[in-house]
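Please look over the sequence and the model before reading on.

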Amino acid sequence: MQATLSGKTALITGASSGIGAATARALSQLGASVILAARRTDRLEALAASLDRASTLALDVRDAAAVRGALESLDLDLVVCNAGLGVGVGPLQEGAPEAWDRMIDTNVKGVLHTLRATLPGLLRKGAGDVVLLGSVAGRQVYPGGNVYNATKHAVRAIYEALRLDAGSRGVRFTTVDPGMVETEFSVVRFGGDQAAADKVYAGMRPLDPEDVADAIAYAVTRPAHVNIGELVIWPTDQSSTRDVRRDA
Ligand code: NDP
Ligand code: 8X3
């Protein structure tokens, strides 16, 4: 990668694990100062200790006031809205409203709170990058994915809304929409059941979080006049949200 992010400051939400942690490493290696935000500060501190120019921020993106208080005054160049989760898989008619709240409050409202606190600063500077972690689940639904799918469709709508409301003002907007990535996502989704999580990826080659981080690094290191808008990244073994080749 030729371009450098030296002198730039990046905020990454959900940096304590998976795609967020890999993205923090990638952006740091490209020279950016990285602000690592999430709830598990022990994880953030361990990651920050292994990186140059890294600081940590205890943040629950569902808490609008806390997000505003922590982020509004930061001088940022890149904002990666990555914090997100799935809670369970099952028929809508049997769903748990508490699980719906967790997904909607984190994946949709968390993104909105983060953008509300950071986008005005980027627009004032007339430069910068906003990267949203969508999903192929924001393009295709799958059985039992109902509310998670809906939250990622919402992220896609937010991406499109950003282009209309804040586009052409020097800030670039990118949605990165991966298929299956082996992270803690499925462990969280199945309430800590590692065996259930392992089954999701059994016999197939999922993406690594570094594959997604690499795509994000590519998007944010293009020349200023180039905005990579939408990146859809599938494992080669996954042809749709419903079709996965196993034990090839
Ligand atoms: P992980 O579970 O590994 O990481 C999720 C991150 O989100 C953690 O750092 C977690 O930190 C953070 N997070 C969750 N809730 C909150 C909250 N309320 N406030 C702040 N941070 C929070 O999963 P992934 O890395 O896979 O997921 C990252 C993003 O990528 C998500 O938006 C997910 O929907 C999306 N995605 C994942 C795919 C996959 O197959 N894994 C595919 C497509 C998209 P902490 O718990 O410390 O707060
Ligand atoms: C998370 C991956 O396949 O569960 O977006 O939708 S999946």
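Which polar side-chain atom lies 2.7 Å from an oxygen atom of ligand 1? That atom belongs to Tyr 148.

## Basis of the report

The model is predicted, so local features need pLDDT of at least 70 and side-chain atom pairs count only at pLDDT 80 or more, while totals for chains, interfaces and linings use all residues. Residues are numbered from 1 along each chain as its sequence is written, chains are lettered from A and ligands numbered from 1 in the order in which they are written, and side-chain values use heavy atoms, with hydrogens and water left out.

## Overall fold

The protein chain has 8 helices and 9 strands; helices (H or I, at least four residues) and strands (E, at least two) are DSSP runs, numbered from the N terminus. Its radius of gyration is 17 Å, close to the 18 Å that the globule rule gives for 248 residues, so the chain is as compact as a globular protein of that length. This radius is taken over C-alpha atoms, and the globule rule is 2.2 Å times the number of residues to the power 0.38. Along the principal axes, the C-alpha atoms fill a box of roughly 45 × 40 × 40 Å.

Of the 248 residues, 50% count as buried. Buried means under 20% relative accessible area, exposed over 50%, and partly exposed in between (1.4 Å probe, protein chains only). The chain exposes about 11,400 Å², and carbon and sulfur atoms supply 50% of this area; accessible areas come from the Shrake-Rupley method with a 1.4 Å probe, and for residues only the protein chains shown count as cover. Among contacts (heavy atoms within 4.5 Å) between residues at least 6 apart in sequence, 69% join residues at least 24 apart.

A residue is near a molecule if one of its heavy atoms lies within 4 Å of it. Ala, Val, Leu, Ile, Met, Phe, Trp, Tyr, Cys and Pro count as nonpolar, Asp, Glu, Lys and Arg as charged, and the others, Gly among them, as polar.

A polar backbone atom of Val 61 is 3.0 Å from a nitrogen atom of ligand 1, and a polar side-chain atom of Thr 183 lies 2.6 Å from an oxygen atom of this ligand. Taken alone, ligand 1 exposes 880 Å², of which the protein buries 96%.

## Ser 16

Ser 16 is placed in the loop between strand S1 (9-13) and helix H1 (18-29). With a relative accessible area of 11%, Ser 16 is buried. Its side chain makes a polar contact with the side chain of Arg 40 at 3.5 Å. A polar contact is a pair of N or O atoms within 3.5 Å; within protein, one must be able to donate a hydrogen and the other to accept it, and residues adjacent in sequence count only if both atoms are side-chain atoms. Leaving aside residues up to four places away in sequence, Ser 16 touches Ala 21, Ala 38, Arg 40, Arg 43 and Leu 44.

## The surroundings of ligand 2

Around ligand 2 stand Ser 135, Ala 137, Tyr 142, Tyr 148, Met 180, Phe 185 and Arg 189. This shell has 5 nonpolar, 1 polar and 1 charged residues.

Polar side-chain atoms of Ser 135 and Tyr 148 each lie 2.6 Å from an oxygen atom of ligand 2. For Arg 189, a polar side-chain atom lies 3.0 Å from an oxygen atom of ligand 2. On its own, ligand 2 has 240 Å² of accessible area, and the protein covers 83% of it.

## Further residues

Asp 211 belongs to helix H8 (residues 209-220) and, at 33% relative accessibility, counts as partly exposed. A polar atom of its side chain lies 2.8 Å from the backbone nitrogen of Asp 208.

Ser 168 lies in the loop between H5 and strand S6 (171-178) and has a phi near 60°, a positive value in a residue other than glycine. Ser 168 is exposed, with a relative accessible area of 80%. Asp 247, in the segment after strand S9 (243-244), has a positive phi of about 50° although it is not a glycine. Asp 247 is exposed, at a relative accessible area of 66%.
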